[in-house]
Amino acid sequence: MNLYTQAESNTFKTFLYLTFFLIFTIAIGWLISYFLKNPAILWFAVIFSILMNFFAYWYSDKIVLAISRARPIKKEDNPELYRIIENLSITAGLPLPKIYIMNEDQPNAFATGRNSKNSVVAVTKGLLERLDRTELEGVIAHELSHIGNKDILLSTLVVVLVGMVVLMTDFFFRISFWGGGRGGKNGGSLKLIMILVALALSILAPLFATLIRMAISRKREFLADASGALLTRYPEGLARALEKISKDPTPLRAANDATSHLYIASPFRGKEKSSWLHQIFMTHPPTDERIRVLRGLKI
């Protein structure tokens, strides 16, 4: 897979996810409206799904930044970081992204936004404190490569849409026990069917985690590593940065399973091995393998 096929694949997956969310939400609304004999619920589901697609496309990056508690900075706040991002953006042929900083001690970073003209690069305070200039350039080049490869919109949409689907399944599960449904002789049977449907929907959460892993392919990290190394012409800088990032034991408080795939390296620091939930949502290839590939590049 090269940069162009990756970008085309990400564009296709973005519209596929938006379409899937639209159909899924309307289907859930139809089920609830049927069992509760209330057609207004179906109309609500249609309007809700359309509005959610709209807000997910236009505002998902703002939601991610709010979740991450990142704040924007200006050039005078950190001139060196600003110059690094500005120079690498020019080299990559990309518009200068907005720059955000997270008040977190763990060294890490991510990129978000719906396109290159509305992109954001966010770095933690710990990243700025622990990496030297060449290592920081390697990380920034990696994140700019995600922007150039059109990874960022898909990655950001997944946070919002999958989160909403999980919330809807939980809502349907709860509403099935609140009563309602069709009366008459078949009322009990329909109530049982509704509960069974709710149970089936409630187990979709780990399945949607699997969908994340399918959409946010681990190959994108290898491609961003390679593209970033080509951008700086110095693969060792990113390799050393990944070593430092992966070995730092500091927790990242703002990270969660919905946003972990955005970061350059898993923010959970070893918890993937002890938590089955983190294992389900893990979308990063092993850091040792990424470092080995980087050091094997001939640039």
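**Exercises: sheet, helices and cores**

The chain contains an open sheet of four strands in the order S1-S2-S4-S3, with mixed pairing. The model is predicted, so local features need pLDDT of at least 70 and side-chain atom pairs count only at pLDDT 80 or more, while totals for chains, interfaces and linings use all residues. Residues are numbered from 1 along each chain as its sequence is written, and side-chain values use heavy atoms, leaving out hydrogens and water.

**Exercise 1.** Identify the strands at the edges of the sheet.

*Solution.* Begin with the order S1-S2-S4-S3; strands here are DSSP runs (E, at least two residues), and helices are runs of H or I of at least four residues, numbered from the N terminus. Two strands pair if DSSP finds at least two bridges between them. Strand S1 (70–72) and strand S3 (109–113) each have a single partner strand, so one side of each lacks a neighbour in the sheet. Neighbouring strands are turned by 30° against each other on average, direction ignored.

**Exercise 2.** Describe the pairing of S2 with S4 and name the bridge partner of Tyr100.

*Solution.* S2 covers residues 98–102 and S4 covers residues 119–124. They pair in the parallel sense over five bridges. Tyr100 has Ala122 in S4 as its bridge partner.

**Exercise 3.** Find the central members of the largest nonpolar core and the elements that supply it.

*Solution.* A nonpolar core is a set of buried Ala, Val, Leu, Ile, Met, Phe, Trp, Tyr and Cys residues joined through side-chain atoms within 4.5 Å; buried means under 20% relative accessible area (1.4 Å probe, protein chains only). Of its 33 residues, Leu81, Val123, Leu127, Val139, Ile140 and Leu144 touch the most other members. Elements that each supply at least two residues include H3, S2, S4 and helix H9 (219–232). H5 gives the most, with six residues. Leaving aside neighbours within four places in sequence, Leu144 is in contact with residues including Ile85, Leu88, Val121 and Leu231. A second, separate core has 14 residues, among them Ala70 and Phe110.

**Exercise 4.** State what share of the chain is buried.

*Solution.* The protein chain has 299 residues, and 49% of them are buried.

Methods:
Axes fitted to C-alpha atoms, helices over the stretch in contact; angles between N-to-C directions. Buried < 20%, exposed > 50% of the residue type's maximum accessible area, 1.4 Å probe, protein only. Contact = heavy atoms within 4.5 Å.
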